[in-house]
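Morning, everyone. Let's walk through one model together. Have the sequence and the 3D view open.

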Amino acid sequence: MRNHDLTKFKENVLWALTNQTLRKNLNRAITHTLSKRIEVVSELTNWEELREKAHNIRKHTIENLAYYLENFEKKATENGIKILWAKDAAEARSYVIDIARRINAKLCVKSKSMVTEEIGLREFLEEKGIETVETDLGEFIVQLANEMPSHITAPAMHKSRDEIGKLFAEKLGVDFTNEPENLTKIARRFLREKFLNADLGISGANFLVAETGSIVIVENEGNAGLSTTLPKVHIVIAGIEKVIPRLVDLTIFFKILGRSATAQRFTSYVSIINAPRNKKPDSPEEIYVILVDNGRTNLLRSEKLKQALYCIKCGACMLACPIYQRVGGHAYGSIYPGPIGSVLTPVQFAFDEALILPFASSLCGKCHEICPVKIEIHHLLLWLRHKAVEQDFSPWIEKLIFKLWLIGMKNHKLYEFGAKILRYIRKIGIKPELKNWSKWRTFPEIAPKSFREIWRRQESK
Ligand code: SF4
């Protein structure tokens with residue numbers, strides 16, 4: 001399922017809820033990761049302190065974003081890295097294609113990056129005739145399946161081993177296997193060839209360090225290391241919020257990121273890239289960093305919503321969300337699904353049709369509880385709901401119900417009269433049908449007597 005159409009949210013949810021295979025795959029993956037996460041988080045006695053520190057660093061950085069970005073640009077430029085600023089997706093793509101054409105690139109290897117998903121880079125490069133291969137295993141799987149990632153750190157979470165085995169057999173012409181080790185070997189064989197022949201490597205960045213001008217990438221498969229060192233030119237595409245002030249801040253982020261993203265104590269590989277080959281022998285000849293805004297300043301302008309930029313894209317809030325757990329990432333129709341995606345999508349991309357997403361929440365606050373940088377996601381969702389209602393987003397029937405309810409609440413005689421009518425309707429056996437609501441739930445029984453009636457009777461005794 002590759003569906004970017006946000007207007008299809010309700011259809012997508014119905015599709016997901018009735019897809020037993022998807023429910024099973026999600027359930028297995030999420031239960032496993034969450035239980036492992038509890039294990040690795042409980043090993044740290046200072047987890048809450050780390051969250052608090054990480055929150056404060058992110059808050060301070062976002063409050064002083066221009067200062068730290070300028071520092072990063074200055075230091076990275078001194079190190080020989082070229083910095084480009086992209087106000088939107090089109091500008092970011094045009095920088096990439098200009099570089100690719102200048103070096104006559106035919107083959108590009110890409111490591112996992114949500115910003116490149118956000119700007120539709122792979123599809124764009126392929127349209128322009130540049131073969132572009134995802135090298136992260138999960139991304140490689142969704143590329144073969146022509147799907148979008150269903151989770152920001154586990155893109156193929158919605159797929160079972162059997163489904164992946166069939167996909168590899170169909171698309172790569174290999175014998176069917178559902179053994180993870182064999183599947184990995186197949187992908188490795190295919191990708192090794194691509195790494196060796198690639199002209200261009202593209203990656204994202206987990207952090208950009210202002211103090212040193214360093215690009216920091218964490219990963220588990222070694223593919224980012226190969227994508228960023230083997231090709232002659234490396235382009236980093238990162239959101240402007242990725243900057244952090246100091247190298248020492250990584251000691252906190254490394255502890256919380258692995259545990260939150262993949263329930264690991266530490267990710268297998270960390271690359272800290274400082275300069276191109278003219279200064280270091282094991283890196284490309286040219287390194288570019290494209291700093292992408294693409295709607296992030298919409299968030300920055302809002303006092304309430306700017307905390308969404310503290311996000312370090314670990315994906316934990318998705319796993320904790322009872323809605324995401326049931327419908328998975330594709331149902332949201334956005335590159336960024338789940339609770340934080342429901343904040344980012346309508347604001348960052350200014351999609352009016354995405355205003356439905358903040359309603360895809362039970363407001364239970366589990367997203368906030370699990371968030372390693374303590375973003376109050378549930379408050380942001382509630383605030384966006386309020387904005388949606390102000391923008392006349394709710395259907396007329398909902399508005400009518402609330403207007404009648406308000407009139408009734410202001411006048412107790414009218415309220416009691418309305419309650420009597422409802423009781424009478426129920427008594428003669430009519431069940432109110434509220435489309436989409438009563439289809440999935442039993443309409444609650446109406447109390448035979450109202451509270452006031454019971455109270456009056458008590459008083460009169
Ligand atoms: S909002 Fe918090 S939990 Fe969700 S992806 Fe961002 S950092 Fe992780």
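Let's start with H55. H55 is buried, as its relative accessible area is 15%; buried means under 20%, exposed over 50%, and partly exposed in between, using a 1.4 Å probe and protein chains only. H55 sits in helix 3, residues 47-63. Helices here are DSSP runs of H or I with at least four residues, strands are runs of E with at least two, and both are numbered from the N terminus.

A quick word on the source. This is a predicted model, where local features need pLDDT of at least 70, side-chain atom pairs count only at pLDDT 80 or more, and totals for chains, interfaces and linings use all residues. Residues are numbered from 1 along each chain as its sequence is written, and side-chain values use heavy atoms, with hydrogens and water left out.

Back to H55. What is H55 in contact with, leaving aside its neighbours within four places in sequence? Y310, V373 and K374. Contact means heavy atoms within 4.5 Å.

Take K374 next. K374 lies in the loop between helix 17 (366-370) and helix 18 (377-390). Its phi is positive, near 55°, and K374 is not a glycine. Most residues other than glycine have a negative phi. N294 also has a positive phi, about 45°, without being a glycine. N294 is in the loop between strand 10 (286-292) and helix 13 (296-300). N294 is buried, at 12% relative accessible area.

Now the core. A nonpolar core is a set of buried Ala, Val, Leu, Ile, Met, Phe, Trp, Tyr and Cys residues joined through side-chain atoms within 4.5 Å. The largest one has 88 residues, and F72, I215, F253, V373 and I375 touch the most other members. Helix 12, residues 250-262, gives the most to this core: seven residues. A second, separate core has 23 residues, including I99, C108, F124 and I202.

On to E219, in strand 6, residues 214-219. Buried or exposed? E219 counts as buried because its relative accessibility is 9%. Its C-alpha is 5.3 Å from that of Y269, 50 residues away along the chain. A polar atom of the E219 side chain lies 3.0 Å from the backbone nitrogen of A224.

Charge pairs next. A salt bridge is a side-chain nitrogen of Lys or Arg within 4 Å of a carboxyl oxygen of Asp or Glu. The count by this rule is 27. One of them joins K313 and E241, with the closest N and O atoms 3.3 Å apart. K313 is in the loop between helix 13 and helix 14 (316-320), and E241 is in the loop between strand 7 (233-239) and strand 8 (243-244), so the pair ties together parts 72 residues apart in sequence. Both K313 and E241 are buried. Shared partners join K110, R122, E123 and E134 into one salt-bridge network.

Last, the surface. W396, I397, L400, I401, L404, I407, L414, F417 and I421 form a nonpolar patch of about 900 Å² accessible area together. Patches take residues with over 30% relative accessible area and no salt bridge, joining like charges within 9 Å and nonpolar side chains (Val, Leu, Ile, Met, Phe, Trp, Tyr) within 5 Å. Areas come from the Shrake-Rupley method with a 1.4 Å probe; for residues, only the protein chains shown count as cover. Helix 19 (396-410) and helix 20 (412-427) each give two or more residues. Helix 19 gives the most, with six.

Terms used
A polar contact is a pair of N or O atoms within 3.5 Å; within protein, one must be able to donate a hydrogen and the other to accept it, and residues adjacent in sequence count only if both atoms are side-chain atoms.
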